[in-house]
Amino acid sequence: MKLLIIKSNWLFESDLRLDGKFHLSDGRLARKKISNSPYPIKSIGEVTKDIFYGGRDRRIYVKDPKKGILFMGSADMLKSSFDTLKYISKRHTKNLDSYLLGTGWTLVSRSGTIGNTVFTNEDYRDKAASEHIIRILPGTDILPGVLYSYLSSKYGYALLTQGTFGAVIQHIEPEFLAELPIPILPDALQQVVHNLMMVAAKLRVESNEIIASLLQKINTHLKDELGNLKKVNISSRSINDIVRFDKRFDAPYNISMGRRIHDKFTSGKYVTLASLSEVFHPMLFGKKQLKGSVSRGNPLYKSSSMMKMKPETDFWLSLNKTESYAKLKVKEGWVLISRTGTVGNVVRITKSMNDVFIDDHMIRVKPKEKFSGLIYIFLKSFYGHKLIDFQKYGSVQEVINSDYIERIPIPQKLLADNILTEFNDNVRDSAAKIDKAIDYENEAIVLIEKEIESWQK
C-alpha cells in the first residue's frame with residue numbers, strides 16, 4: 001500500500017481531486033523534477049496555438065475513396081501505415097474540417113489507453129481522426145519536434161497519465177493537458193531535438209512511399225492477369241475438392257473473392273508459399289509461469305503491437321526460463337501474419353526488431369533470401385490479403401493456421417529475376433529508413449530526458 005501526506009495547495013492545483021491515483025502517480029514526481037528547471041516554465045496551453053479534439057457526429061462509412069476520407073481512431077494513429085483504414089463520407093459528415101489533421105502536430109490518445117503520442121508527418125495530412133484523439137497545434141516558443149519529444153518522454157507520459165478520470169473508461173481532457181508544465185529549453189537544444197524529429201518524419205514518409213509504390217505495381221500486375229473477377233452468388237465444387245480442402249462447406253471459404261483469386265492463380269503456373277519459405281507458428285503455454293519483470297526479463301510483443309510505428313509491450317518473460325520460450329524469437333527479414341483477432345495483418349521484421357520475442361498469435365514466414373521482398377509485398381497486397389482472409393474460420397474468434405498460409409499460390413511470372421531483385425532492394429531500403437527513423441526519434445526523446453535529469457544534480 002502507498003501512503004502520502006498531501007499539501008493543501010496540491011488540492012487546488014488538481015481542481016480539488018481527492019483520489020489517491022492522482023496524487024500517488026509518477027506525475028507528481030515528474031512535476032517536482034521539472035520544477036527544478038533553470039529555464040522558464042510555462043503551461044502547454046501558453047506555448048501552443050490550440051488544443052482540441054475533433055467532431056463527435058455520427059459517422060457514415062463508404063467504400064468509394066472518391067466519396068470519403070480515410071478515418072482513424074486512437075489505436076489507428078499509432079499504426080506504421082494506413083492501408084487498412086476505412087473511409088467516412090465527405091457528404092454526410094458534419095463539420096468535416098474539425099476532423100482533419102495537419103503536419104507537425106502532436107496527437108495524444110484521450111480515452112481507453114491514455115497518453116499514447118504521435119508526431120504527424122505528411123502521411124497524416126488531411127486524414128480524419130476521431131474525438132478520442134487530442135490535437136496539439138504547436139506555437140512559437142516550443143518547436144513542434146520538441147513538444148512531441150517532451151510529451152513522449154517518461155516525464156511527459158507521467159504528466160499525461162496523471163490526470164486520467166473515469167470509473168470504467170479512463171479519459172483525459174484538453175483543459176487538463178493545457179495546464180501541464182513545460183520548460184522553455186534553450187534554442188540550440190530545441191533545434192537539435194526538432195531536427196531529429198523532422199528527419200525521422202521524412203524517413204517514415206519515404207519508407208511508406210516505397211511500399212505503396214511496390215503494392216501498386218504488384219496489384220496492377222495481378223489485376224491485368226486476373227481480369228475482372230465477377231461476384232457470384234452460387235458456386236459448385238466437386239466432392240474431391242471439398243475433401244482435399246479440409247472438408248469445409250462454409251460460404252466464405254467456397255464462394256468469396258479470395259476463393260476466386262485462388263482458383264484463378266492455381267489454374268495457371270504457380271508455386272506455393274511453402275516452396276519459397278518456411279511457414280510455422282510456435283505455441284506457448286503457461287505464459288503466467290514465465291512472467292519476469294522489467295529489470296529481470298525479455299519483452300514479449302503482442303501481435304497487435306507489431307502494427308504500430310513503435311512496437312511496445314507490458315509483459316516481460318523471465319530471464320531464468322529463456323529456453324522455454326526461445327521459439328518465440330524472430331529474425332530480421334521474416335514476415336509475420338496475425339492469426340487471431342484481426343486476421344491477416346502483415347508485418348516485416350526490421351533490424352531494430354531482430355531477435356525480439358513475439359507472441360504465438362502471429363504466424364512466421366521465413367523466406368528464402370531471394371524471395372524475401374516479393375513475399376512481403378505479395379502477402380501485403382490486395383490479392384495476398386484476400387488469399388489469407390478467405391481461409392479464416394471461427395464463429396466467435398476468427399483464426400487461421402499456418403497450414404492454410406503455406407499453400408497460398410503465387411503466380412510463376414512474379415518470380416522473374418528482375419522482379420525479385422527490384423522488390424528485395426526496395427523493401428530493404430524501406431526497412432532501413434524505418435530503423436533510422438526510430439533511432440532519431442529515440443535520440444530526440446533521450447536528449448529531453450537527459451536534460452531534465454541534469455537539473456536534479
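1. Start at the end of helix 8. Just after that helix, Gly227 takes a positive phi of about 75 degrees. Keep in mind that this is a predicted model.

2. Helix 8 itself covers residues 187-226, which makes 40 residues. How far apart are its end C-alpha atoms? They are 58 Å apart.

3. Now the whole chain. The secondary structure of the protein chain comes to 17 helices and 19 strands. The chain has 457 residues, and 50% of them count as buried. Its accessible surface comes to about 23100 Å². Carbon and sulfur atoms hold 53% of that surface.

4. Look next at how the chain meets itself. Take the contacts between residues at least 6 apart in sequence. Of these, 75% join residues at least 24 apart.

5. Lys86 lies over the face of the Tyr61 ring, at 5.4 Å from the ring centre. There is another charge over a ring to find at Tyr53. Here the charged end of Arg110 sits over the ring, 4.2 Å from its centre.

6. Turn to the aromatic rings. A search of the whole structure finds 13 aromatic pairs. Phe280 and Trp334 form an edge-to-face pair, 5.9 Å centre to centre, with 85 degrees between the planes. The pair links distant parts of the chain, 54 residues apart. Phe280 is in strand 12 (residues 277-280). Trp334 is in the loop between helix 13 (322-325) and strand 15 (335-338).

7. Trp334 is buried, because its relative accessible area is 11%. The cut-off for buried is under 20%.

8. Tyr393 and Tyr404 form a tilted pair, 6.0 Å centre to centre, with 40 degrees between the planes. They are 11 residues apart. Tyr393 is in the loop between helix 15 (382-389) and helix 16 (402-406), while Tyr404 is in helix 16. Tyr393 has 33% relative accessibility, so it counts as partly exposed. Tyr404 has 7%, so it counts as buried.

9. Which residues make up the aromatic cluster that includes Tyr393 and Tyr404? Tyr253, Phe390, Tyr393 and Tyr404 form one cluster.

10. Finish at Ser318. This residue is in strand 14 (residues 316-318). Ser318 has a relative accessible area of 8%, so it is buried. What is Ser318 in contact with, leaving aside its neighbours within four places in sequence? The residues are Leu290, Lys291, Gly292, Arg296 and Tyr325.

Key: Residues are numbered from 1 along each chain as its sequence is written. This is a predicted model: local features need pLDDT of at least 70, side-chain atom pairs count only at pLDDT 80 or more; totals for chains, interfaces and linings use all residues. Side-chain values use heavy atoms; hydrogens and water are left out. Helices (H or I, at least four residues) and strands (E, at least two) are DSSP runs, numbered from the N terminus. Buried means under 20% relative accessible area, exposed over 50%, partly exposed in between (1.4 Å probe, protein chains only). Contact means heavy atoms within 4.5 Å. Accessible areas come from the Shrake-Rupley method with a 1.4 Å probe; for residues, only the protein chains shown count as cover. The expected span of a helix is 1.5 Å times one less than its number of residues. Rings of Phe, Tyr and Trp (its six-membered ring) pair if their centres lie within 6.5 Å; planes under 30 degrees apart count as stacked, over 60 as edge-to-face and the rest as tilted. A charge sits over a ring if NZ of Lys or CZ of Arg is within 6 Å of the ring centre and within 35 degrees of the ring normal.
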